[in-house]
Amino acid sequence: MPRRRRCAGGGKEKEFIMVIEANRREERGKNGARRLRQAGRVPAVLYGGAGEPVALAVDVHQAKQVLRTAGHNVIYEVQVEGAEPARAMLKDWQLDPVRGDLLHLDLQRVAMDVRIRVRVSVQTTGEPVGVKVDGGVFERVTRDIEVECLPSDIPEEIVVDVSELTIGKQLRAGDLPLDPAKVRLITEPQRVIAHVIAPTKEEVPAPEAAAAAEAAAPAEPEVIKKVRKEAEEGEEGEGKGE
Amino acid sequence: MLMPKKVKYRKQQRGRRTGKAWRGSTLAFGEYGLKALENAWITDRQIEAARVAITRFIKRSGKLWIRVFPDKPFTKKPAETRMGKGKGAVERWVAVVKPGRILFEMAGIDQQTARAALDLAAHKMPIPTEFITRDGGA
């Protein structure tokens, strides 16, 4: 895949600008999209910013490599033949539910001087005390958070150490190590990112109790319509009695 | 056994199971999952058998999510009954599953344990399934 190294921040910080080469797509609709996929290309669309939406076709191997290596929070340079290269982000992608094949890509133009809202993945490191010592279960409740920042300041991921977590303690979005000068948290600070819960114990009921519970449980669910009808009939009966 | 608490109508028509599961086909809660590769009616008994197999295997560790619910009644006429005289009585409750649907999800355990537990659950299912992980590895 074409990859270009570019220096930013006075040459100290180096960033990669990944290039996506695309062609304009003339054929529309599902039949055209299917023919395109048969030919080893993926339908895509480039929209947002000042320009008009453009229907594109991208090489499937290049698109897969982009998804696998760079991910979605990366600024790409989309090169369309006969047009100026555009800076864009991967806004969305569709996969086949069974085979996992890439079906479609959404690319959104970004202006490098305008703050944007993106979802950033939260990764955890370390084994919590509550799991190691107390035998609890570590659960990640929220896997990504929404932040606002300049496109050049998008964190690749937010890594947080959870080794101090004990049973019943939560790590919240407000506790995440973010640089307030560059990144503003949009997700509510009280949102639980991860916690350690006490292990669940499966209660095996005694055979007698299980049989009694089975007998007590209704064999059929309540029919809403029937209940309403009976209630109406009851009201009518009371009305006549008066 | 799993079944709805309230229903609007007691019996349903069978319906068709065409297409793929465009919803409920990605991991939403856990790290590992069991994905259906074919369509099927999965009964409340099969779901319960899989749940019991998983919880007994993982003992007290880990967390399990069941992503399908048997909300469709299927009816059956008694044996040696002449045709007619209306639709049969509700026999069981089933979940309509299409290819790609995530059936179970697990978290809080290592991949090897999750794979073994979901393999037990897969043996309770009437269709071929696939073990999937959040990072895309199968």
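Select B:Val7 and A:Val223 to begin: B:Val7, in β1 of chain B, is the bridge partner of A:Val223. A:Val223 belongs to strand β15 of chain A (residues 222–223), which runs parallel to β1(B) and is joined to it by two bridges. Strands are taken to pair if DSSP finds at least two bridges between them. Helices (H or I, at least four residues) and strands (E, at least two) are DSSP runs, numbered from the N terminus.

The model is predicted: local features need pLDDT of at least 70 and side-chain atom pairs count only at pLDDT 80 or more, while totals for chains, interfaces and linings use all residues. Residues are numbered from 1 along each chain as its sequence is written, chains are lettered from A and ligands numbered from 1 in the order in which they are written, and side-chain values use heavy atoms, with hydrogens and water left out.

**The contact between the chains**

Next, select the residues of each chain that touch the other, where contact means heavy atoms within 4.5 Å. Chain B contributes 32 residues and chain A 24 residues. The size of an interface is often given as the accessible area lost when the parts come together. Here about 2,200 Å² is buried between chain B and chain A, 55% of it on carbon and sulfur atoms; buried area is the accessible area (1.4 Å probe) that two parts lose on being put together, summed over both.

Eight residue pairs, both residues at pLDDT 80 or more, are in polar contact between chain B and chain A. Such a contact is a pair of N or O atoms within 3.5 Å; within protein, one must be able to donate a hydrogen and the other to accept it, and residues adjacent in sequence count only if both atoms are side-chain atoms. On the side of chain B that touches chain A, β1 (6–7), α1 (44–58) and β4 (63–66) of chain B each supply at least two residues. The most comes from α1(B), with three residues.

**A salt bridge across the contact**

Now display the side chains of A:Asp96 and B:Lys20, which meet in a salt bridge (2.6 Å, N to O). A:Asp96 lies in the loop between β6 (86–95) and β7 (102–109) of chain A and B:Lys20 in the loop between β1 and β2 of chain B, so the pair joins two chains. A salt bridge is a side-chain nitrogen of Lys or Arg within 4 Å of a carboxyl oxygen of Asp or Glu.

Along the sequence, chain B follows the pattern β-β-β-α-β-β-β-β-α-β. Four strands form an open, antiparallel sheet in the order β4-β7-β2-β8. In chain B, β4 and β8 (129–133) stand at the edges with a single partner strand each, so one side of each is left without a neighbour in the sheet.

Within this sheet, strand β2 of chain B (residues 32–36) pairs with β8(B) in the antiparallel sense over five bridges. Select B:Lys35 to find B:Glu130 of β8(B) opposite.

**The sheet of chain A**

Finally, turn to chain A, where four strands form an open sheet in the order β11-β8-β10-β13, with mixed pairing. In chain A, β11 (158–161) and β13 (184–185) stand at the edges, each with a single partner strand, so one side of each is left without a neighbour in the sheet. Strand β8 of chain A (residues 116–125) runs parallel to β11(A), joined by four bridges. The last stop is A:Gln123, which stands opposite A:Val159 in β11(A).
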